[in-house]
Amino acid sequence: PGEPVASLAPDASGEEILAQRCAGCHGANGQGGRAPNLAQQANHPADELHKIIHDGKGQMPAFKDQLSDAQIDKVVTYI
């Protein structure tokens, strides 16, 4: 909120989306920061990760208004 969100290229990869949308909390390479290490989340089922990114969970905000389902799927696949 308050900061403009850079637009993503229509064909952005999961890695690019993660760098632009997730790195602020999860670290540049998903290694963790203010938020958990994403590699440690890779054992969760893909549909569960998709739901968390889409709807948010705990302190994790929802990204349903910023990312399409296809973009979320790319991030899940990258994780």
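I take buried to mean under 20% relative accessible area, exposed over 50%, and partly exposed in between, with a 1.4 Å probe and protein chains only.

**Basis of the entries**

I note that this is a predicted model, in which local features need pLDDT of at least 70 and side-chain atom pairs count only at pLDDT 80 or more, while totals for chains, interfaces and linings use all residues. Residues are numbered from 1 along each chain as its sequence is written, and side-chain values use heavy atoms, with hydrogens and water left out.

**Entry: overall chain**

I looked up the secondary structure and found 3 helices and 0 strands. Helices (H or I, at least four residues) and strands (E, at least two) are DSSP runs, numbered from the N terminus. The order of elements from the N terminus is α-α-α. The radius of gyration is 12 Å, close to the 12 Å that the globule rule gives for 79 residues, so the chain is as compact as a globular protein of that length. For this I took the radius over C-alpha atoms, and the rule as 2.2 Å times the number of residues to the power 0.38. The C-alpha trace spans about 30 × 25 × 20 Å along its principal axes. I recorded 30% of the 79 residues as buried. I also looked at contacts, meaning heavy atoms within 4.5 Å. Among those between residues at least 6 apart in sequence, 37% join residues at least 24 apart.

**Entry: α1 against α3**

I then examined helix α1 (residues 14–26) and helix α3 (residues 69–78), which pack at an angle of about 100° with their axes 8 Å apart. This makes α1 roughly perpendicular to α3. The class covers 65 to 115 degrees; angles under 35 count as roughly parallel, over 145 as roughly antiparallel, and the rest as oblique. The axes are lines fitted to C-alpha atoms, for helices over the stretch in contact, and angles run from 0 to 180 degrees between N-to-C directions. On the α1 side I listed G14, E15, I17 and L18, which meet Q71, K74, V75 and Y78 in α3. These contact residues divide into 4 nonpolar, 2 polar and 2 charged. Ala, Val, Leu, Ile, Met, Phe, Trp, Tyr, Cys and Pro count as nonpolar, Asp, Glu, Lys and Arg as charged, and the others, Gly among them, as polar.

**Entry: cysteines**

I searched for disulfides, pairs of cysteine sulfur atoms within 2.5 Å, and the structure holds 0. C22 is buried, with a relative accessible area of 14%.

**Entry: segment before α1**

S7 touches Q20 and R21, not counting residues up to four places away in sequence. S7 and Q66 are 59 residues apart in sequence and 9.4 Å apart in space, C-alpha to C-alpha. P10 lies in the segment before α1 and is exposed, with a relative accessible area of 82%. From P10 to Q71 I noted 61 residues in sequence and 9.1 Å in space, C-alpha to C-alpha.

**Entry: loop between α1 and α2**

I located P45 in the loop between α1 and α2 (46–55). P45 is partly exposed, with a relative accessible area of 44%. P45 and L8 are 37 residues apart in sequence and 26 Å apart in space, C-alpha to C-alpha.
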